[in-house]
Amino acid sequence: MSPAGTPLAAPATGADLLLWVAFPYICLAVFAVGHVWRYRQDQFGWTSRTSQLLEHRWLRWGSPLFHLGAFAVIGGHVVGLAVPASWTEAAGISEHAYHLTAVSLGTVAGTAMITGLGMLSARRLLNRRIRIVTDRSDELLFPLLSATVLLGFAATAVHNVVGGGYDYRSTVSIWFRGVFALHPRPEAMAGAPLLFQLHALSACLLFAAWPFTRLVHVWSAPVGYLVRPYLVYRRRPAPTGGAR
């Protein structure tokens with residue numbers, strides 16, 4: 001039985017151990033070691049490599065939509081995967097209210113993220129100047145990020161919008177928390193629908209590729225700008241007639 005009282009699948013097979021134990025830990029190890037290597041070997045490349053000077057009209061709308069949608073999606077994943085169902089129930093949030101809120105807000109955030117990512121991808125493919133400066137890491141990142149986002153959106157749409165509803169907190173969340181608690185539960189993820197499994201695998205690949213792409217700029221957010229003192233500028237006085 002799961003912590004939520006929902007029976008899990010049969011005991012894990014060898015394939016389940018490979019997919020839902022070995023593979024996630026390998027990706028997390030690459031994620032951690034890769035960041036250390038990237039920081040020590042390529043500090044000057046630790047940037048988003050902005051191309052705003054080459055094209056700004058698509059970037060002006062695509063970037064805010066993608067980033068704001070991504071922040072909301074990540075927040076939803078943190079609540080849905082890291083917070084047990086018993087905690088939300090103890091807080092007085094019913095399963096129906098949680099499901100309705102999660103699906104509604106998740107659909108809006110996912111739509112914004114997909115729209116922004118689509119604009120950024122189209123901008124990179126259709127604009128010749130942007131396409132020329134696209135390096136190999138971008139050629140890996142954009143398809144992998146698109147696959148991860150679309151699989152997650154499809155899983156929500158198929159099972160929780162069009163379908164009768166699926167409680168991922170009884171399977172996916174148990175596996176996710178188990179991985180980080182060093183007590184993996186592969187049998188929990190083995191019982192999840194295929195779209196959720198594909199979304200989890202693509203997310204693991206994304207974490208493994210993270211240190212070698214522009215995504216490292218996430219850890220260099222200019223938080224210091226929020227608390228730094230103001231810069232005082234003085235207007236230069238106009239020259240007098242004699243000085244001129």
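1. From the N terminus on, the elements of the chain run α-α-α-α-α-α-α-α-α, which comes to nine helices and zero strands. Helices (H or I, at least four residues) and strands (E, at least two) are DSSP runs, numbered from the N terminus.

2. The model is predicted: local features need pLDDT of at least 70, side-chain atom pairs count only at pLDDT 80 or more, and totals for chains, interfaces and linings use all residues. Residues are numbered from 1 along each chain as its sequence is written, and side-chain values use heavy atoms, with hydrogens and water left out.

3. Of the 244 residues in the chain, 36% are buried (under 20% relative accessible area, with a 1.4 Å probe and protein chains only).

4. Helix H6 (136-162) has 27 residues, which at 1.5 Å a residue should span 39 Å; its end C-alpha atoms are 37 Å apart, which agrees. The expected span is 1.5 Å times one less than the number of residues.

5. The buried residues of H6 include Leu141, Leu145, Thr148 and Gly152. The buried residues of H6 pack against helix H2 (57-82), helix H4 (95-126) and helix H9 (194-209).

6. Arginine 169 lies in the loop between helix H6 and helix H7 (172-180). Is this arginine 169 buried or exposed? Arginine 169 is buried, with a relative accessible area of 3%.

7. Leaving aside neighbours within four places in sequence, arginine 169 is in contact (heavy atoms within 4.5 Å) with residues including Gly80, Val83, Tyr98 and Ile174.

Definitions and conventions:
Buried means under 20% relative accessible area, exposed over 50%, partly exposed in between (1.4 Å probe, protein chains only).
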